[in-house]
Amino acid sequence: MKKLTLPKQILIALVAGVVVGLICYFADIPRFTANYLKPFGDIFVNLLKFIVVPVVLFSMIDGILSMDDMKKVGAVGWKTVAYFLATTAIACVIGLVCASVFKGLNLFPVLDTAGAEYEAKEFGGFMKTLVDIFPSNMWQSFSSANMLQVRSLSSSAAPSLLPAKRHSFAATSFPLSIP
């Protein structure tokens, strides 16, 4: 018997999750889902949060170290920012179009917002936002999973490792040796 590939396993698990969710929804057993299924979902999300910070940190450091030339890193960085801005703009347009269509077709559920309150944080200005990108404590940005600070940290740490890369195999093999 041929072993299932990973994409097929993921698709089967996704379909099974939707089926179990629909069964629980239509069987009207919220206590079962809240007490027995939700903890497994919480564990899964916590494990994803646990792994994402080191993966981003070492991937960025390894990517920058593999380029050797800081001019290449800058060029790729600007292309990445342009790609990010373009895809964000496309996603916003798609979201606005879908919201307009769904609102026009009355497909949005009517929500009771009588007791809902929202207090917006005060905007500290552009300079405060710029300062907040750079962490004052590396471990705090790791533990709070502040990905913008982790990215800025890895972007500033990797160039400082470039001279060590030219003189030592250990400096470059460390990020690659992590499974």
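Visitor: In which helix does Ser-155 lie?
Guide: Ser-155 lies in helix α6. Please note that this is a predicted model.

Visitor: What does the side chain of Ser-155 reach?
Guide: The side chain of Ser-155 reaches the backbone oxygen of Arg-151, at 2.9 Å.

Visitor: And which residues is Ser-155 in contact with, leaving aside neighbours within four places in sequence?
Guide: Those contacts are with Met-60 and Ile-64. As for Val-52, which is 103 residues from Ser-155 along the chain, the two C-alpha atoms are separated by 16 Å.

Visitor: What does Gln-149 touch, not counting residues up to four places away in sequence?
Guide: Gln-149 touches Asp-132, Ile-133, Phe-134, Pro-135 and Ser-141. One of these, Asp-132, also takes part in a salt bridge with Lys-128.

Visitor: How far apart are the closest N and O atoms of Lys-128 and Asp-132?
Guide: They are 3.1 Å apart. Lys-128 and Asp-132 are four residues apart in helix α4 (residues 126-132), so about one helical turn separates them. Lys-128 is partly exposed at 45% relative accessible area, and Asp-132 is partly exposed at 37%.

Visitor: How many salt bridges are there in the whole structure?
Guide: A search of the whole structure finds two. Besides the pair in α4, the side chains of Lys-38 and Asp-42 form a salt bridge, with an N to O distance of 2.9 Å.

Visitor: Why are Lys-38 and Asp-42 separated by about one helical turn?
Guide: Because they are four residues apart in helix α2. Lys-38 has a relative accessible area of 48% and is partly exposed; Asp-42, at 36%, is partly exposed as well.

Visitor: Which residues make the nonpolar surface patch?
Guide: Phe-40, Ile-43, Phe-44, Val-45, Leu-47, Leu-48, Phe-50, Ile-51, Val-52 and Val-55 make a patch of about 990 Å². Among them, Leu-48 is found in helix α2 (residues 30-67). Leu-48 is partly exposed, with 42% relative accessible area. As general background, nonpolar side chains in soluble globular proteins tend to be buried together.

Visitor: One last topic, the backbone: what is the phi of Ala-145 near?
Guide: The phi of Ala-145 is near 55 degrees, a positive value in a residue other than glycine. In general, most residues other than glycine have a negative phi.

Visitor: Where is Ala-145 found?
Guide: Ala-145 is found in the loop between α5 (138-143) and α6. Ala-145 counts as partly exposed, at 32% relative accessibility.

Notes. Residues are numbered from 1 along each chain as its sequence is written. This is a predicted model: local features need pLDDT of at least 70, side-chain atom pairs count only at pLDDT 80 or more; totals for chains, interfaces and linings use all residues. Side-chain values use heavy atoms; hydrogens and water are left out. Patches are made of residues with over 30% relative accessible area and no salt bridge: like charges are joined within 9 Å, nonpolar side chains (Val, Leu, Ile, Met, Phe, Trp, Tyr) within 5 Å. Accessible areas come from the Shrake-Rupley method with a 1.4 Å probe; for residues, only the protein chains shown count as cover. A salt bridge is a side-chain nitrogen of Lys or Arg within 4 Å of a carboxyl oxygen of Asp or Glu. Helices (H or I, at least four residues) and strands (E, at least two) are DSSP runs, numbered from the N terminus. Buried means under 20% relative accessible area, exposed over 50%, partly exposed in between (1.4 Å probe, protein chains only). Contact means heavy atoms within 4.5 Å. A polar contact is a pair of N or O atoms within 3.5 Å; within protein, one must be able to donate a hydrogen and the other to accept it, and residues adjacent in sequence count only if both atoms are side-chain atoms.
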